[in-house]
Amino acid sequence: MAKETISHKLERLLKNQNLFPHGAVLIAACSGGADSLAMTSLLQQVGREKDWQVFVCHVQHHLRGDEAEKDALFVENFCHERHLPFIRVDVEVLPFAEKNKLSVEEAARKLRYSALKDNCRHLGAVAIVTGHHQDDQAETVLLNLLRGAGNRGLRGMQVRNGLLVRPFLAASRSEMEEYCREQGIEWCTDSSNECIDYRRNRIRKELLPMLEEYNPQIKRALAKTASLAGQDQEFLDALAADYLSENAKKTKTDYKLNVKEFAALPPALAARVLLLAFSEALAKDDCQLESKHIEALVRLVKAGRSGSVLALPGGRA
């Protein structure tokens, strides 16, 4: 039996997940790197069978001078050659970071996803598709572990998170690059990926190689950990949703819970109930509560003092 090509393997991975309906409109977030170009090419290839309409969106962050502009033009030409609709969005990261007291990384991420979601709504797309892969997942799990994240952090990135869809978390960076070579696709190299001033780059270039000395398959092991943590989190989410449905009173702006009954819940379930109630009360998918906020909420409940108020990101308890 002939060995399966990487192209067939990745096409099969995309098809088997059944992530998008027939005739779906999709936004492919394409930076010009090997992973995003492989993702875009695979969406187009499989999309011919599924009648998907793929729009390619490139966000120019204006952080790398001429190099960034060359990447934008490269992606535009890539799309032109393949008859893919191309959307370019220019954002100014540094002024935004300074104004909002954010790191350059965080400011770029916020502006990028805001631009992608705007285009998603404008085009009536069902998803924003990214080229994140297994190596990215391993880095994310380590980042979250280092900052003391709980189970929610250990699950890393999800295949589907609201509008964001990451079909290739089970594929490695080397497989995405091999796909590009197999298809004759050249890609851009982002020089900022070599800068160890960014924590993620330090994890990629320093910590992961060190961990590979203990386990050569550490990236796969971390991705497996994320998958298992994700399964546990889905179960807790379902229990929390059931609890709120049966025990909470919801209005347009808040949730009301019986303090005495709530205090009897197991800690893991109690934390998830509070997080879900708060995010639904705000009607936001990207609730900004961290573990310290949840712990403060639990203390507020257990204290049981009438009239106590706790200020939280975006609202109060």
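The mean positions of the 44 positive and 43 negative charges of the protein lie 7 Å apart. Lys and Arg count as positive and Asp and Glu as negative, with His and the chain ends not counted; each charge is placed at NZ of Lys, CZ of Arg, CG of Asp or CD of Glu. The model is predicted: local features need pLDDT of at least 70 and side-chain atom pairs count only at pLDDT 80 or more, while totals for chains, interfaces and linings use all residues. Residues are numbered from 1 along each chain as its sequence is written, and side-chain values use heavy atoms, with hydrogens and water left out.

The protein has 13 helices and 10 strands (DSSP runs, H or I of at least four residues for helices and E of at least two for strands, numbered from the N terminus). Its C-alpha trace spans about 65 × 50 × 45 Å along the principal axes.

Of the 317 residues, 41% count as buried (under 20% relative accessible area; exposed is over 50% and partly exposed in between, with a 1.4 Å probe and protein chains only). Among contacts (heavy atoms within 4.5 Å) with a separation of 6 or more, 68% are between residues 24 or more positions apart.

The largest nonpolar core has 32 residues, of which L10, L14, F20, L26, L43, W52 and F168 touch the most other members. Such a core is a set of buried Ala, Val, Leu, Ile, Met, Phe, Trp, Tyr and Cys residues joined through side-chain atoms within 4.5 Å. Elements giving two or more residues to this core include α1 (6-16), β1 (25-29) and α8 (173-183). The most comes from α2, with seven residues. Leaving aside residues up to four places away in sequence, F20 touches L14, L26, L43, W52, V126, A127, V129 and V165. A second, separate core of 22 residues includes F262, L265, L275 and L310.

N119 is found in α5 (residues 104-123) and counts as buried because its relative accessibility is 14%. Beyond residues up to four places away in sequence, N119 touches I27, C57, I87 and V89. A221 is in α10 (residues 218-247) and counts as partly exposed because its relative accessibility is 31%. A221 and A138 are 83 residues apart in sequence, but 8.2 Å apart in space, C-alpha to C-alpha.
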